[in-house]
Every structure is written in C-alpha cells, then in structure tokens.
Amino acid sequence: MNVMGFAWNLELGVLRLYRKPFVSRTWKQSWFDNHRNFLPINHPYRRNTKDFIKNRKVTKQFPGVRSGDEILQDLNNRGLRKVMDVDAEVVNAAISKTCGWNKRSIFWDLPYWREHLLRHNLDVMHIEKNVFDNIFNTVFNIPGKTKDTYKSRDELNKYCRRPQFSQNLVTSKYPDVPFVLNKSQKKDVLEWVKKLRFPDGYASNLGRCVDANKLKMFGMKSHDCHVFMQRLLPIALREFLLNRIWEPLTEISLFFKQLTSSSLTDEELRNLDEQIPVILCNLEKIFPPSFFDSMEHLPVHLAYEARIADPVHYHWMYPPERYLRKIKHKIMNKAQVEGSISIGYIMDEAAKFASFYFKEGDPTLPLKEKRNEVYLDDIVDDDMFEIFKPPGKAIGAEGKRYLADNEYTAAHLYILMNCPEVQPFIE
C-alpha cells in the first residue's frame, strides 16, 4: 500500500472506506462497529443500539469503490508531492496528519494507472492467518495474545452495553465469558488435534505444534493456520461453545473456504460480498471491541478483489513464499548471500535451457520420485477389483488386528457400493 502513497494503518481509514476506526485509551485502534454501513439500508442491525456501540444507529451506507479519477482528483486537491520534488518531505508530512496519504506516487504518471480496477492487492494468506490467530488465541485465552484482557474488559461497557461482563466490585474479578474454553475443554481439543492424521502432503503434523503443558499451540506456519481455519475450527469447537458463538465462527471459516476455492462464479462472489458484513457483525456481538483490529476488517473487501483479480490462488503469497524458500536453499556462502543466490539461479536456468536439447530431459539431473509413489504399471493382477487398484501404499510399519463387527460391515458395504463389477447386480 505504501507504494501507492497511502498508509491505511495510521488510524485514518482504509482506502476504500471513508469512515475511520475509533481509538481508545488502551486499544490503540479498533474497527469494531465499522461493518454495519455495508449492510442493506433496511437491515435490522442498523437500528440495533444494544449489541454494538451503545445508543448508536447507522444510517449511512458504503458509497462504493472510488474510481481512479476520483482518487487522483483528491491527491491533486490536497497538494501532495512526489518524493523527488523540492520540499516534498516537509509538505507531505504536514498533509499526512489529516489524511491517509503521505505522498504522490509516481505510478499516477502512468497513462493507464487511473484505469486500473485494482491498484493494490490484499494478501489473503496473511489475512487468514491473522484472523485465525486472533480467534484461536482469544478462545484459548493464551496469555499475552488473547484480545480479551483486563484492560479491554475495563473499558468494555464504556462503548458497549454488556453489564454481565463487568467487574465484580466485591471480589475485583471479572466473570468468565462464554467464548473462552475452560482447562478441560482445552485439553480435549489439543488431544484431538494431536491424534489427527491427514492424507500425505495435505498438511504438516499438527501434533508437533501442541503444547500439552501450557495448553496452547505454537510454531504453526501459514498453511497450518489455513488448514485449521477452514477444516478443523468448526469441528474442534462444536461441542464446547454455544450455538450463537459457534455459528459465526463456522461462518467465517466457510467464508475463507469458499473464497479460496479453485473455481468461483460471479454469483458466488456476490453472495460472499453480501454475507461477510453480516458475519462480521455477528462476531461483533460476541467479542469485545479490542478483538477487531485491521485484520478483522479486511475480509469485507476480499470478495470484491476476487471478482476483479480472479480466484485467490492466482494472487496470494503462497507461491512467492515457496519460491523464496527455494531461493534461500541456494545460499552456499553466508558471507556472500546475494552472490550465492545469483549463481544458483543462473545454474538452474542454464540446466533447464540445456535440457531442451535432450530427448528425455537433462540426464545429469536425478529422477526423484515422489514419496509413496506407486505406478499403475506395477499392478499386473487383472483379476483384482478396480477399487483395489488406485496407486498408493501404506505409510509406516505394518500391523495386524481383528475388525469389530461394525467395522467389518462398514468396509464390506463400502466395497460393494464402490466396485464397478458389482454395479450390474445393484441395478
């Protein structure tokens, strides 16, 4: 965003949104109650004065995305200068105190820049990870990372009408909140996560991230959070949270799952664009305002960007991050990092170019088979049922045990219902 000259993290609003976040004494900035203006004009949440900022109704509506000509006109009216202009630092610093703009980007000199529908990109990978971290750390009440702190609880009823969470004047303690798990519930969830097994290559071993002593998870990478957010979060919390709390968490999980699908239709994205303000409003009814930093606000813009820039997997950060990891592995001399990367990259390019002149590829490069790779050519038994022929093999040591009656019946029924050889008899 700073390449465009707009610093949206300076408590002055996001580029597409006119309303600013409110700032408190302890929260720095909060985007709480900043999503009702995305709702339809007759939505009942707009008239709700109890569950959001107390005694506040929302009548204004999101005016829509500003065009390039409108933004350029705004820049010219404010008098912002390019970085290389005379006195640019002084002039821009004075102007930036009253708006989010801190310079006039040189990109506006390009003749096509104002015509771009998407002049910057929000990274879904990091947004999803940060949203998951906030939800998980708050639900598990991780010290130092939870958003439900004593300071936020102290100021909660100054902005919201939630007297049930006020401090007890006799004991000076705060009551438990329904969205936080107790100790036994945390143990159950972490033990369940520790026993999980995924298909090969689907996800890392999340059991290694479980800290059974401190009742938390640590060292989770972005892809681990991606899998947990979309696949495990609704299941893990289903038995422990009330329906009014579990349902919004499940909805935000399904939102990211649908958003990151490999194929999307315009109708699906329009539905997501209509659903996400309601989902965020439902979360605002549960969590305190300190929970809603800028990352909890950004999902409201993601469906619009997916409509403009095609499915998410074309423009999120997973491919660049994987390529950076590949580049870092080329470092052979830590005293000359850039030189090592350059030499390794040139060698790869030269080898790939030379491989075009060999019929079977580069003979000097070893053919490394994938883990657990099995080819159909290895299966020569023609009498074997088709259901037993898919490529693959068992992982780990071989073991034997007797099946229970219900397991034997389930396996027998599955084979009968999925064998092409049995279909004529079923029909």
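Predicted model: local features only at pLDDT ≥ 70, side-chain atom pairs only at ≥ 80, totals over all residues.

Colleague: Which helix gives the most to the lining of the largest pocket?

Modeller: A pocket is an open set of points on a 1 Å grid over the protein atoms alone, where a 1.4 Å probe fits, with protein on both sides within 12 Å along at least five of seven lines; lining residues have an atom within 4 Å of a point. Helices here are DSSP runs (H or I, at least four residues), numbered from the N terminus. H3 (124-139), H6 (222-237) and H11 (318-328) each supply at least two lining residues. With 7 residues, the top giver is H6.

Colleague: What volume does the largest pocket have?

Modeller: Its lining takes 24 residues, with Ser222, His223, Asp224, Tyr318 and Arg322 nearest the centre. Volume is the space filled by probe spheres set on the points, which are joined across faces, edges and corners. That gives about 720 Å³.

Colleague: And the second largest pocket, what is its volume?

Modeller: This one is lined by 15 residues, and Asn141, Asp148, Tyr150, Arg153 and Asp176 lie nearest its centre. The volume is about 390 Å³.

Colleague: How many cavities of 30 Å³ or more are there?

Modeller: In a cavity the probe fits but cannot get out. The second largest cavity holds about 40 Å³, and its lining includes Asp148 and Arg153. The count is 4.

Notes:
Residues numbered from 1 in each chain as written. Heavy atoms only, no water.
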